[in-house]
Amino acid sequence: MASKTIDNAFTAKALRGAATDPTYAGVLSFMRRKYSKDVSDVDAVVLGIPFDAAVSNRPGARFGPQAIRRASAIFDNDPQYPFARDLFEQMAVIDYGDVLLDYGNHQNTPALIEQEAAKIIASGAYLLGLGGDHFVTWPLLKAHAAKHGPLALVHFDAHQDTWDDDGQRIDHGSFVCRAVREGVIDPTKSIQIGIRTEAPEDFGIKIIPGYEVEDMGVQAIADAILSHVGTAPTYLTFDIDCLDPAYAPGTGTPVAGGPSSAKMLSVLRKLGALDIRGSDIVEVAPAYDHADITAIAGATVAMYMLGLRAEKLATRA
């Protein structure tokens with residue numbers, strides 16, 4: 001027992017290395033990373049954004065960060081599949097906790113998220129956001145673009161999120177429209193995967209609709225993403241409703257006819273060549289979940305995002 005940990009989120013003496021808490025016990029940070037607001041000498045930061053006041057259907061994604069953290073305990077102890085490594089052996093990661101938001105003043109929410117994200121990004125750390133509904137990607141994108149310039153957006157979703165936006169809306173269905181209009185993303189380098197709804201505008205963004213995803217193999221999907229984005233600085237956002245409701249029932253706007261978690265995870269695994277500057281997983285709403293199916297899928301997507309980052313850092317070492 002001397003080599004075992006418990007409550008590693010509080011008791012960790014170092015930011016690197018695996019925790020060994022029992023999967024059924026201990027404080028639930030993301031993958032047992034230490035809770036800290038100190039971003040010095042940190043390679044990656046996990047930030048929760050518990051906000052769902054922008055939804056057009058079912059609320060509940062404000063509980064997404066909690067659910068994802070809880071589900072992430074299953075990745076503890078062993079080397080993480082399919083990366084065949086302890087992601088934290090060389091990569092220092094902290095769980096920063098959540099953004100403090102005022103539920104009675106939603107007009108302040110975008111600025112609060114952007115300010116918190118900007119502090120983390122300024123340190124040089126990679127930022128992984130846990131949503132929250134998909135509106136939270138808007139202030140995260142702004143914070144990243146302020147440092148890196150216009151970004152290619154790699155967007156896994158059932159929805160285009162390009163509905164009209166007046167620049168003031170708090171809406172999870174229009175953040176892509178606003179990001180294009182304000183020059184935060186480069187539509188010519190951006191791509192959306194898994195779309196299964198119709199929006200009146202695509203802004204020239206390349207779309208791989210759901211029926212094509214169904215017909216294409218994993219390598220073909222990954223190749224389409226890699227060739228379209230190229231070497232552009234990239235932001236990766238994954239709405240859990242990209243997956244079919246059979247694999248992600250716990251979400252606010254489920255759409256039938258989507259891909260499996262296995263297929264989309266396999267696509268993510270092949271995106272290591274992208275220059276990913278930041279990422280998020282959004283729209284996990286545990287009130288509609290069963291047996292943590294959606295939370296596990298969301299936590300796995302987030303782990304893959306960190307896995308790609310760990311590999312990138314390893315090649316630079």
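In this predicted model, leucine 47 sits across from glycine 97 of strand β3. Strand β3 itself (residues 93–98) is mostly covered, with five of its six residues buried.

Stepping back, the sheet is open and contains nine strands, paired in parallel and ordered β1-β3-β2-β4-β9-β8-β5-β6-β7. Strands β1 and β7 form the edges, each pairing on one side only. Helix α7 (residues 218–229) packs on this sheet, where it touches β5 (152–156), β6, β7 and β8. The direction of α7 makes about 155 degrees with that of β6. Elsewhere in the sheet, strands β8 (residues 233–239) and β9 (residues 275–282) run parallel and are linked by seven bridges, with threonine 237 partnered by aspartate 280 of β9.

A charged residue also deserves a look. Arginine 196 lies in the loop that connects β6 (191–195) with β7 (206–209). Arginine 196 is buried but has no salt bridge: the nearest side chain of opposite charge, that of aspartate 241, is 5.5 Å away. A polar atom of the arginine 196 side chain does, however, lie 3.3 Å from the backbone oxygen of alanine 256. Leaving aside residues up to four places away in sequence, the contacts of arginine 196 include Ala158, Gly210, Asp241, Cys242, Val255, Ala256 and Pro259.

Notes
Residues are numbered from 1 along each chain as its sequence is written. This is a predicted model: local features need pLDDT of at least 70, side-chain atom pairs count only at pLDDT 80 or more; totals for chains, interfaces and linings use all residues. Side-chain values use heavy atoms; hydrogens and water are left out. Helices (H or I, at least four residues) and strands (E, at least two) are DSSP runs, numbered from the N terminus. Buried means under 20% relative accessible area, exposed over 50%, partly exposed in between (1.4 Å probe, protein chains only). Lys and Arg count as positive and Asp and Glu as negative; His and the chain ends are not counted. A salt bridge is a side-chain nitrogen of Lys or Arg within 4 Å of a carboxyl oxygen of Asp or Glu. A polar contact is a pair of N or O atoms within 3.5 Å; within protein, one must be able to donate a hydrogen and the other to accept it, and residues adjacent in sequence count only if both atoms are side-chain atoms. Contact means heavy atoms within 4.5 Å. Two strands pair if DSSP finds at least two bridges between them. Axes are lines fitted to C-alpha atoms, for helices over the stretch in contact, and angles run from 0 to 180 degrees between N-to-C directions.
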